[in-house]
Amino acid sequence: MLDTLVSIGSTLKEIRETKGFHLQEVAEETSINFTILSRIETGKRLPTKNQVQSLASFYNYSEEELIKHLISDKIISEIQNEDLGIEGFNLAEKKIKLGSELFNSYKNLEKFELQSRRYIGNKAKLTDWIIDILKKETKGRDTLIDIFAGTSIVAKSAMEMYDVVILNDILYSNNITYEAFYSTSNWDSQKLVDLANKYNSLKATSVRENYFSKNFGGKFYEKDISKIIGYIRQDIENKRKEDLINYREYAILLTSLIYTIDRLANTVGHFDAYIKKPIAAKPLNFKLIKTFDFNGAKIYQEDANILAKKIKGDIAYIDPPYNSRQYSRFYHIYENLIQWKKPKLYGVALKPEPENMSKYCTVKAKDAFKDLITNLDVKYLAVSYNNTYKSKSKSSANKIKFEEIVEILEKVGETKVFEQSHQFFNTGKTEFNNHKEFLFLTKKYDR
């Protein structure tokens, strides 16, 4: 046991006496037992971290400095009565130095993979199936168009087959993600590692309330973590405006922020509502993404039907939203975070004014789809579709029926239908047992 005077105790005693407080007065003000305080100051016991924080606050003294003393005394306490204590300490010091070298470089840093993010309609579990069909059933490996790219899971796999992959999505948050993952612009990895370390060292007590925390704290995110999120977002913006980071670095940092906070969100995976329960505090653990530079990536943020008239390729992969749930509303917090215009918010879900609303989520979906596949200048059309049109929920019901898809596609080319069983929800409910994913593959008639 540690029964000699240690630095944390002597330091606390010196602070108390310098400020002119009696021990009983400190005990009453901090609610720490008088006897415990006495034993701490005389080195008979170590304080807890909470006790150190309370004393630092009462004495108006640096909490960081006192915590350092506490940690060092804990180490001494552990090794002083061990025969090999010093040897163990020296080995620990070497490991710490090695760890610092390993985990402060981008090469060895744990990074977010593309598929790490939660997203409605994500095709991560179906991508291999889709790509296998394209390999067997199509010819031409020049250009693939992913015109509703979403998370870009399919597009990324296609990059192994095609020289050029066109990625398009109307959402700001998806567009910045494509720039981060696939652009080939130069960027300084060490600079971003240093920033990640800085962000992970932030404490909520040293961060002011901000737009993000005032609106989303205690609702979509835990209050303290929301302050840090808002601080980081503004810091990234400031660095971009001051030319301290280039656009690729800006995109990587923003995308890394989205991926970092995704699992911290007090939701079921989207932002249509938050869970009305107390939010457990968790560390931020800011991590960078694993980039996948691709020379053939062409990135757009346009209405798919307008873009279709400007581009051409070998094949177009088409996976539009089919129900009434607008993605720009489902992911409004990410859209807000990326644009950072700090708009006025409305309703319980704290959404801004509507923007980037898709026709495919309305009664105009069928006409929009017909216009799209007619104007796409490609040899093949690959259309993903699922059978949630049988859903009992009106918002989940597909705006285009299976038969209507077939009818429209068969007018422009020879069409095959492939299907795959797919567990859409992990609920165990019988209504989802027969969920299927379809891929319509159309070889367009010569014009």
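I took a salt bridge to be a side-chain nitrogen of Lys or Arg within 4 Å of a carboxyl oxygen of Asp or Glu. By this rule I count 23 salt bridges.

Basis. The model is predicted, so I kept local features only at pLDDT of at least 70 and side-chain atom pairs only at pLDDT 80 or more, while totals for chains, interfaces and linings use all residues. Residues are numbered from 1 along each chain as its sequence is written, and side-chain values use heavy atoms, with hydrogens and water left out.

Entry, Glu209 and Lys223. I find a salt bridge here, with the closest N and O atoms 3.4 Å apart. Glu209 sits in the loop between α10 (189-200) and α11 (211-216) and Lys223 in helix α12 (residues 223-241), so the pair ties together parts 14 residues apart in sequence. Helices (H or I, at least four residues) and strands (E, at least two) are DSSP runs, numbered from the N terminus. Glu209 is partly exposed at 39% relative accessible area, and Lys223 is partly exposed at 30%. I call a residue buried under 20% relative accessible area, exposed over 50%, and partly exposed in between (1.4 Å probe, protein chains only).

Entry, Glu237 and Arg233. Their side chains meet in a salt bridge at 2.8 Å, N to O. Both lie in helix α12, four residues apart, about one turn of the helix. I note both Glu237 and Arg233 as buried.

Entry, the Glu64 group. I see Glu64, Glu65 and Lys68 linked in a network of salt bridges.
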